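Subject: Structure for you to look at

Dear colleague,

I am handing over the structure that we talked about, and below it I have set out what was found. Please read the notes with the structure open beside them.

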Amino acid sequence: MSEIKKFMYVNRKAPYGTIYAWESLEVVLIGAAFDQDVALSFLDDGVYQLVKNQSTEQIGMKNFSPTYRTLGDYDIKTIYVEKESLEERGLSIDDLQHLIWEDEDEDWAEKDSISVVSREELGKLMEQQDVVLSF
Amino acid sequence: MSMLHTVNKSPFNHDSLSSCLKCAQAGSTVLLIEDGVYAAREGTKFSNEVKDAMKNIKVVALAPDLDARGVNNNLIDGVEQVDYAGFVSLAAESHSVQSWL
Amino acid sequence: MHLLIFDSNHNNNKRYRNVKFGIVVNEGPYQHQASDTAYHFTKAALDNGHEIFRVFFYHDGVNNGTNLSTPPQDDRNVSLRWTQLAKEHDLDLVVCVAAAQRRGIVDQGEMERNGKPAMNIADGFRISGLGQLIEAGIQADRLLTFGD
């Protein structure tokens, strides 16, 4: 029997200072092939992973931020960003990449993947998960 | 069955404990391990935050980590201790486990 | 799947038997306590009648799979300890191929494929893909992450 589990990938670290952001994204992309009920959450410094206009030439590291835009193609369409983490960092949703997915049931209409949720709501969502992967 | 949360960082230099306590739902358990055990002590700037959280969640500390750091004393009243077998039990009895790294 | 025996004492662990655990180790030996804590948890789970579906090593955790470490005689040998536990309990210790390639943990196949001068994977460990981590999340009853 193959049950579908609720998987949440929790991202709490900023990109580039450490490898966790990039290597966790690699897990998400591979994991997409397993047809589980997947959600990503970004809180604390993890919200920085989604900030737009990242330019890494001078630090000599690969700019992996375009990869977030492909998540919709992998059917990863449930992305939670924590409101308080944005506010504490002086950020708003407009500072983040606009991530979308295409709903084939609605003639491939583009829909937003990101939901900004409160800490309280995120806690409830986390409690519902079967598997939580932290990096 | 509720979630087991583990916190392995000291609250004095990381926000993992605070973030965990804000997300942990009533009825869940927070297990302090590794450097996270420093949060179990009375008389720190985090003691009230922990005590407040304990109104709705259970806070447990991993005894081997308290002993290793010489801080298995003056703990917040009500914080339970477990050994590694107890850690396993807590994980077995929970629906899922989330690590706050 | 679970034999439930009612007992209020967490420390004697008779409450649930034969829970299948997946273990993820995200940090290398010595630098962080993660691998130690994962080891003690794994050992306690096995000693108390539970099953370990897989131990998956990711990020710097792949460095636990080296056979080249020579720690001081009066301290634990983190890599060897995993090798020994794996042998005793027939554990599946998996090192992520992508993370291993980045960090230089090499088996025979990787050595030949990538033209490396040596291999260094410790006994009991095998190199495989991230799918093994996802599979552990799906197949195990509980997945625990030990990291920084």
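The radius of gyration used here is taken over C-alpha atoms, and the globule rule it is compared with is 2.2 Å times the number of residues to the power 0.38. For 135 residues a compact globule would have a radius of gyration near 14 Å, and because chain A has 15 Å, the two values agree. Please keep in mind that this is a predicted model.

To stay with chain A, its C-alpha atoms fill a box of roughly 50 × 30 × 30 Å along the principal axes, and 39% of its 135 residues are buried. Chain A holds three helices and seven strands, which follow one another from the N terminus in the order β-α-β-β-α-β-β-β-α-β. Of the contacts in chain A with a separation of 6 or more, 76% are between residues 24 or more positions apart.

Turning to the contacts between chains, the one between chain B and chain A takes 13 residues from chain B and 13 residues from chain A. On the side of chain B that touches chain A, helix H1 (16-23) and strand E5 (96-100) of chain B each supply at least two residues, and the residues of that side divide into four nonpolar, seven polar and two charged.

The contact between chain C and chain B takes 20 residues from chain C and 18 residues from chain B. Helix H1 (34-47) and strand E7 (142-146) of chain C are the elements that give two or more residues to the side of chain C that touches chain B, and H1(C) gives the most, with five residues. The residues of that side of chain C comprise seven nonpolar, ten polar and three charged.

With best wishes

Note on methods: Residues are numbered from 1 along each chain as its sequence is written. Chains are lettered from A and ligands numbered from 1 in the order in which they are written. This is a predicted model: local features need pLDDT of at least 70, side-chain atom pairs count only at pLDDT 80 or more; totals for chains, interfaces and linings use all residues. Two residues are in contact if their C-beta atoms, placed from the backbone, lie within 7 Å. Helices (H or I, at least four residues) and strands (E, at least two) are DSSP runs, numbered from the N terminus. Ala, Val, Leu, Ile, Met, Phe, Trp, Tyr, Cys and Pro count as nonpolar, Asp, Glu, Lys and Arg as charged, and the others, Gly among them, as polar. A residue is buried if 20 or more other C-beta atoms lie within 10 Å of its own, exposed if 12 or fewer, and partly exposed in between; C-beta atoms are placed from the backbone.
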